[in-house]
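Dear colleague,

Please find the structure for your study below.

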Amino acid sequence: MIKILIVEDEEPIANLVRMNLKNAGYECRVAASGVEGADCLEQEAFDLCILDIMLPGIDGYELLDYAKSLSVPVIFLTAKGETNDKVRGLRLGAEDYITKPFEILELMARVDAVLRRCHKAETELDVCGLHINIPSRRVTRDGREIELTYKEFDLLLLFVRNQGVALYRDLIYERVWDSPYMGDSRTVDLHVQRLRKKAGLQREIEAVYKVGYRFMPLPEDKE
């Protein structure tokens, strides 16, 4: 399982990030200071570090240097939004730089992109009785393969990686079809209906009135 360190001294932000990453299938640990973050990096192996810059004790720039020495990629998540701050962070070796306030869906997409780029992305997921092999794009239940189209597979991954989040139809379309949403919801609705039926997720993929859909694994389905 991919393991992510969150170094953030604002508890509500740390909890929000941790909850969403955990729901997406990642193992997470939170550190509330630069010193605690350094201790975590020294004691455990992490695949990614999400790092604030303004931290008590050791600041994010110093901790970035330590993470790089351990080959741990870093995403800065910070209120320092000036261009020179971004340039400095990226030049020092951060894989990405996100400013607060931020959209949690954007952060999740950036995390996926960095993990893929650094060859540390999760290759298999298990949820709701489904086994998802990402490189081969195969989905099985009890050893029996479920035949999904290319778009249905991408749609399933989007739901699984954003559990509990109400996803707007326009966002679903833009993420899965990789093109601007033109206002026709029928394509999204049809693919969701087919995915529900094929994967047996009629109850887990909920319709959200005037919004779109939300993936909510039943309590007994959660790992």
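Pro 101 lies in the loop between strand 5 (96-99) and helix 5 (104-117); helices (H or I, at least four residues) and strands (E, at least two) are DSSP runs, numbered from the N terminus. This is a predicted model, in which local features need pLDDT of at least 70 and side-chain atom pairs count only at pLDDT 80 or more, while totals for chains, interfaces and linings use all residues. Residues are numbered from 1 along each chain as its sequence is written, and side-chain values use heavy atoms, with hydrogens and water left out.

The peptide bond that joins Lys 100 and Pro 101 is cis, with omega about -5°. Most peptide bonds are trans.

Lys 100 also meets Asp 52: their side chains make a polar contact (3.4 Å). A polar contact is a pair of N or O atoms within 3.5 Å; within protein, one must be able to donate a hydrogen and the other to accept it, and residues adjacent in sequence count only if both atoms are side-chain atoms. Asp 52 is found in the loop between strand 3 (48-51) and helix 3 (60-69). Asp 52 counts as buried because its relative accessibility is 3%; buried means under 20% relative accessible area, exposed over 50%, and partly exposed in between (1.4 Å probe, protein chains only).

**Two positive phi values**

Most residues other than glycine have a negative phi. Cys 128, however, has a phi near 55°. Cys 128 is found in the loop between strand 6 (124-127) and strand 7 (130-133), and is buried, with a relative accessible area of 6%. Arg 137 likewise has a positive phi, near 55°. Arg 137 is found in the loop between strand 7 and strand 8 (138-141) and, at 30% relative accessibility, counts as partly exposed.

**Helix 2**

Which residues of helix 2 (residues 34-43) are buried? They are Gly 34, Gly 37, Ala 38, Cys 40 and Leu 41. Seen down the helix axis, these buried residues fall within an arc of 160°, so they line one face of helix 2; the arc is that of the directions from the helix axis to the C-beta atoms. The face turned away from the buried side carries the exposed residues Glu 42 and Gln 43. The buried residues of helix 2 pack against strand 1 (3-7), strand 2 (27-31) and helix 3, where contact means heavy atoms within 4.5 Å.

Yours sincerely
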